[in-house]
Amino acid sequence: MKLSVYFVTPDGVDDALVLAALRGGASVVQLRDKTASDAEMLAQAQRLLPHLRAAGVPLVINDRIEVALACGAEGLHIGQSDGDPRQIRTLLGDGPLLGLSVETEAHVAAVPAGVDYLGVGPVRATASKPDHATPIGLDGLARMVAATRLPAVAIGGVGLADIPALKRAGCAGLAVVSAISAAPDPEAAARALAEAWRAA
Ligand SMILES: Cc1ncc(COP(=O)(O)OP(=O)(O)O)c(N)n1
Ligand SMILES: Cc1nc(C(=O)O)sc1CCOP(=O)(O)O
Ligand SMILES: [Mg+2]
């Protein structure tokens, strides 16, 4: 999976925003909407999947294994409070990717087999996740990425200007909500991230 520009949707996301990110070159889309019902998220995933598949971009579902299984998503992303990754891997089966959030070096050391990639953060405080953990900064990020063999994406208050530092830290990509969703032109913002990642 190409994790370079990993778009995590904001609450209340509409299809047009995801399609704009896709046109711009997002390499992964995570459907994360804490306000949607399971049925609403499933319907949205089913509408988006043909577009994402045509572009070769995997769809990851945030938190909700039933939705991920029902729509046949390429992946599920869970956090430290979302259950035991080993049990979730068993329920998910071998096919879909499983992403896990890590917020401390102890979390990295405890990642079990069956996890495919890590979301490492928050790098900085962010309004996109009001209940975020203590920010780790770029130094903490680099230490955590160095401590794992799994591909890792940086998340939390990261954007275009961070790309050279994230690459130096060994990240496989950056995961963003607001750098795309709050941009005046989300497609252009996604394109700028994708181009900067390639160039760095
Ligand atoms: C790529 C990526 N990394 C981290 C997170 C955060 O997941 P989690 O800790 O489960 O928090 P919520 O997203 O559920 O609020 C993520 N979603 N994606
Ligand atoms: C969904 C999420 N998870 C985080 C974590 O640290 O685990 S931070 C975050 C939100 C990231 O939004 P933005 O790119 O707007 O800062
Ligand atoms: Mg979660």
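# Fold, annotated sites and ligand shell of a predicted chain

In this predicted model, 54% of the contacts in the chain between residues at least 6 apart in sequence join residues at least 24 apart. Two residues are in contact if their C-beta atoms, placed from the backbone, lie within 7 Å. Local features need pLDDT of at least 70 and side-chain atom pairs count only at pLDDT 80 or more, while totals for chains, interfaces and linings use all residues. Residues are numbered from 1 along each chain as its sequence is written, chains are lettered from A, and ligands are numbered from 1 in the order in which they are written.

## Overall shape

The chain has nine helices and eight strands. These are DSSP runs, numbered from the N terminus: helices are H or I with at least four residues, strands E with at least two. The C-alpha trace spans about 40 × 40 × 30 Å along its principal axes.

Of the 200 residues, 46% count as buried. Buried means 20 or more other C-beta atoms within 10 Å of the residue's own, exposed means 12 or fewer, and partly exposed lies in between; C-beta atoms are placed from the backbone.

| Residue | C-beta neighbours inside 10 Å | Class |
|---|---|---|
| Arg 32 | 22 | buried |
| Asp 63 | 19 | partly exposed |
| Ala 190 | 25 | buried |

## Annotated positions

An unreviewed UniProt entry places the feature "binding site" at positions including Arg 32 and Asn 62. UniProt positions follow the numbering used here, feature names are shortened, and annotations may be inferred rather than shown by experiment. Arg 32 sits in the loop between β2 (28-31) and α2 (38-55). Asn 62 belongs to strand β3 (residues 59-62). Leaving out residues up to four places away in sequence, Arg 32 touches Val 8, Thr 9 and Asn 62. On that basis Asn 62 touches Gln 30, Leu 31, Arg 32 and His 77.

## Two backbone exceptions

Most residues other than glycine have a negative phi, and most peptide bonds are trans. Asp 63 is not a glycine, yet its phi is positive, about 70 degrees. Asp 63 lies in the loop between β3 and α3 (65-71). A cis peptide bond joins Gly 121 and Pro 122, with omega about 5 degrees. Pro 122 is in the loop between β6 and α6.

## Ligand 2

Gly 121 and Pro 122 are also among the residues that come nearest to ligand 2, out of 16 around it. A residue is near a molecule if its C-beta atom, placed from the backbone, lies within 6 Å of it. The shell holds six nonpolar, nine polar and one charged residue. Ala, Val, Leu, Ile, Met, Phe, Trp, Tyr, Cys and Pro count as nonpolar, Asp, Glu, Lys and Arg as charged, and the others, Gly among them, as polar.

## Helix packing

In α6 (residues 137-146), Leu 141, Met 144 and Val 145 are buried. They lie on the same side of α6, because they cover an arc of only 95 degrees around the axis. The arc is that of the directions from the helix axis to the C-beta atoms. Asp 139 and Ala 146 are exposed on the other side of α6. The cover over the buried residues of α6 includes β5 (97-102) and β7 (152-155).

Ala 190 lies in α9 (residues 186-199). Ala 190 and Leu 22 are 168 residues apart in sequence but 7.9 Å apart in space, C-alpha to C-alpha.
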